Amino acid sequence: GGVGKTTLASSLYIEISSKFDSCCFLENIKDQPSLKTLQGKILSTVLKTEVEIPSVDVGKQMIKSRLSGRKVLIFLDDVDDRKQLEALAGSHDWFGDGSRIIITTRDEHLLRAHKVDEVSHVSLLSQDEAIRLFNKHAYNDNNLVEDYEMLSERIISYAGGLPLAL
C-alpha cells in the first residue's frame, strides 16, 4: 500500500477515457458493502440511467447482456477478493471489442487466478525521485533545504521509496 496504484489508475483513466463509448471508475472496492451496489454503479454509469440489481447472479447476467456490445473502460480499484472480480468483470465476453478492465490490487495471485491478460507492477521510487517528491511537498522546492539536508535524507530513507509515505 502507498505505492500509488490508485493515483496511477486515476491518471490513466483521465488520459484514455475519451477513447471509449462509456467509462466507470469504482474506488475502494474492498471497502464497499455490497456487490449488487457495485454492479448497479457500473450499469448505471455506463448506461447513464438508474439500474436496480435484484441479486448478484442477476447482476452478472445484466452486465454481460447490456455491455457485451459496448466498448467500455472500467477501473476496479483496490480489489481484494475473487468474488468481486467474478461479480464485476466475470470474463472477456461480458464486454464489447476494445474494452479495457483495469484492476488495482495488492494481491497479484488474485489477478492470476482470474486469468487477466496482463499484470503490471508499480515500482517504488528511486532515491532521486524520492528526494524530488519529498522536497516538492515538504519545502515546495526541488532542492534540499540547506539546514535540513540530513533530516530530509533520513526521512526519505525511512520512507523506503513509498510515495504516500513521502
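Colleagues, the model is predicted, so local features need pLDDT of at least 70 and side-chain atom pairs count only at pLDDT 80 or more, while totals for chains, interfaces and linings use all residues. Residues are numbered from 1 along each chain as its sequence is written, and side-chain values use heavy atoms, with hydrogens and water left out.

I begin with the overall division. The chain is split into domain 1 (5-114) and domain 2 (127-165), with bounds that come from an automatic or database domain assignment. Their C-alpha centres are 36 Å apart.

Next, helix H1, residues 5-16. Helices here are DSSP runs of H or I of at least four residues, and strands are runs of E of at least two, numbered from the N terminus. H1 has 12 residues and reaches 16 Å from its first C-alpha to its last, close to the 16 Å expected at 1.5 Å a residue; the expected span is 1.5 Å times one less than the number of residues. Its buried residues are Lys5, Ala9, Tyr13 and Ile16, where buried means under 20% relative accessible area, exposed over 50% and partly exposed in between, with a 1.4 Å probe and protein chains only. Seen down the axis of H1, these buried residues fall within an arc of 90°, so they line one face of the helix; the arc is that of the directions from the helix axis to the C-beta atoms. Thr7, Ile14 and Glu15 are exposed on the other side of H1. Strands S1 (22-26), S2 (72-76) and S3 (100-103) are among the elements covering the buried residues of H1, contact being heavy atoms within 4.5 Å.

Helix H2, residues 35-47, has buried residues including Leu38, Ile42 and Val46. The buried residues of H2 pack against S1, helix H3 (56-67), S2 and helix H4 (82-88). Just after H2, Lys48 takes a positive phi of about 60°.

I turn to the loops. Ser99 is located between H4 and S3 and counts as buried because its relative accessibility is 13%. The side chain of Ser99 reaches the backbone oxygen of Arg70 at 3.0 Å. A polar atom of that Ser99 side chain also lies 2.9 Å from the backbone nitrogen of Val72.

Finally, His114 lies in the loop between helix H5 (108-113) and helix H6 (127-138). His114 is buried, at a relative accessible area of 15%. Beyond its neighbours within four places in sequence, His114 contacts Arg82, Leu85, Glu86, Ala89 and Gly90.

Key
A polar contact is a pair of N or O atoms within 3.5 Å; within protein, one must be able to donate a hydrogen and the other to accept it, and residues adjacent in sequence count only if both atoms are side-chain atoms.
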